[in-house]
Amino acid sequence: MTTEPRFIQIHTLHTYPAALINRDDAGLAKRLPLGNAMRTRISSQCLKRHWRVTDDRFALSELAVPMAVRSRGTLELIRKRIVENGVPETLAQAAAEALRDGGLVDKAGKKMKGEDALKTGQAVLMGKAEIDYLVRRCSELAQAAGDEDAVKAAVAKMLKDEKNNITALKHGSGLESALFGRMVTSDVLASRDAAVYVAHAFTVHEAQVENDYFTVVDDLLQESGELGSAGIFDTELASGLYYGYVVVDVRQLVENLEGIAAKQCFAVETPAEKRALAGQVVEHLLRLIATVSPGAKRGSTAPFDWATLMLVEAGDWQPRSLAGAFHDALPLTAKDDRSIRERTVACLSGEIAKMDDAYGAPLTRRLMALDPVEIPQAQRLNLNDLATWAADVIVKGAC
């Protein structure tokens with residue numbers, strides 16, 4: 001029996017030694033209490049950020065879909081581009097302020113002047129297509145208007161009259177929002193429900209952290225015969241084997257990308273071509289999840305790792321994490337001399353077997369692993385074939 005690949009679930013294992021992957025407000029490795037031990041963790045925001053901005057052959061930007069800009073200075077960017085179109089500075093400023101006052105973003109800078117008047121209270125995610133559209137329309141209106149008041153009135157009317165045009169732009173809010181969502185309070189911009197859900201990755205064992213004490217040598221002082229350093233510092237480093245979990249809601253992804261209702265994603269009348277871009281996105285995302293490493297202090301820790309295991313499940317049941325397999329932290333050593341990596345995969349395999357026995361979930365599984373491991377009903381593939389398989393089941397609408 002075939003099932004719809006409504007959800008693509010991705011489970012990964014990554015190893016990071018002596019690294020500061022994700023810092024908290026005190027500059028320490030982020031932590032997570034789970035079960036009987038404290039773990040180190042990598043926040044979902046950190047993971048998504050690195051997948052979003054990575055620049056390589058499988059970058060999201062290589063998909064020929066407009067990206068987005070996340071910034072508090074987006075209105076200032078719009079103002080500068082309006083000026084580049086030949087509009088006087090005063091009229092460009094008036095147009096940008098009218099966008100702010102018209103509810104495009106929050107009005108944090110309303111009482112300010114100049115560039116500060118265009119700063120938003122928080123970073124706003126706007127698609128490049130949306131920005132291009134607003135720059136073009138505001139430039140046209142400013143060139144036709146005679147003074148600042150006329151520009152503000154024209155832009156305010158435009159926002160009211162053309163709301164549907166802005167929200168209907170193809171890929172208007174950018175690929176990032178199609179994947180990870182966008183929540184806005186604006187009356188003009190469209191909110192987007194996230195199609196990709198990302199859990200905080202955490203170590204399967206107790207947190208292993210250490211304070212790294214280091215000095216900076218002063219070359220000139222040393223040459224003059226003096227001892228000592230230019231500074232003494234310390235930072236926290238952590239090592240660990242991290243379990244990661246990501247879910248792709250394929251219906252929501254197709255809706256966000258193609259503008260069709262989620263319920264129509266796998267309908268008979270919906271052509272496979274409507275799911276082709278979603279398949280390409282997931283193919284790229286799988287490669288990014290497997291190979292892109294987040295991390296602070298890259299220059300001094302080189303925190304780069306490829307997944308030692310990637311398990312992908314496709315099916316139409318509600319997703320479920322396998323984090324419960326590590327509710328009790330794994331000991332770092334074992335009597336049977338198996339490595340912690342082997343024991344981690346054994347825990348995952350055991351959890352899946354229990355889940356299958358209890359629920360009988362009809363999930364199709366594919367596995368990429370460095371070690372000779374076994375996962376119930378999981379066919380082994382390399383990363384290329386795994387990514388291609390995930391894209392194919394989405395396009396075909398069956399797994």
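Is Asp 337 buried or exposed? Let's start there, friends. Asp 337 is exposed, with a relative accessible area of 71%; exposed here means over 50%, buried means under 20%, and partly exposed lies in between, using a 1.4 Å probe and protein chains only.

A quick word on the model. It is a predicted one, where local features need pLDDT of at least 70 and side-chain atom pairs count only at pLDDT 80 or more, while totals for chains, interfaces and linings use all residues. Residues are numbered from 1 along each chain as its sequence is written, and side-chain values use heavy atoms, leaving out hydrogens and water.

Back to Asp 337. You'll find this residue in the loop between strand E10 (309-315) and helix H12 (340-359); helices (H or I, at least four residues) and strands (E, at least two) are DSSP runs, numbered from the N terminus. Most residues other than glycine have a negative phi.

Gln 377 has a positive phi too, near 55°. Gln 377 sits in the loop between strands E11 (364-369) and E12 (378-380), and is exposed, with a relative accessible area of 64%.

Now for some helix packing. Helix H9 (residues 250-258) packs against helix H10 (residues 276-291) at an angle of about 115°, their axes 9 Å apart. Those axes are lines fitted to C-alpha atoms over the stretch in contact, and angles run from 0 to 180 degrees between N-to-C directions. In the contact (heavy atoms within 4.5 Å), H9 brings Leu 253, Val 254, Leu 257 and Glu 258, and H10 brings Leu 277, Ala 278, Val 281 and Val 282.
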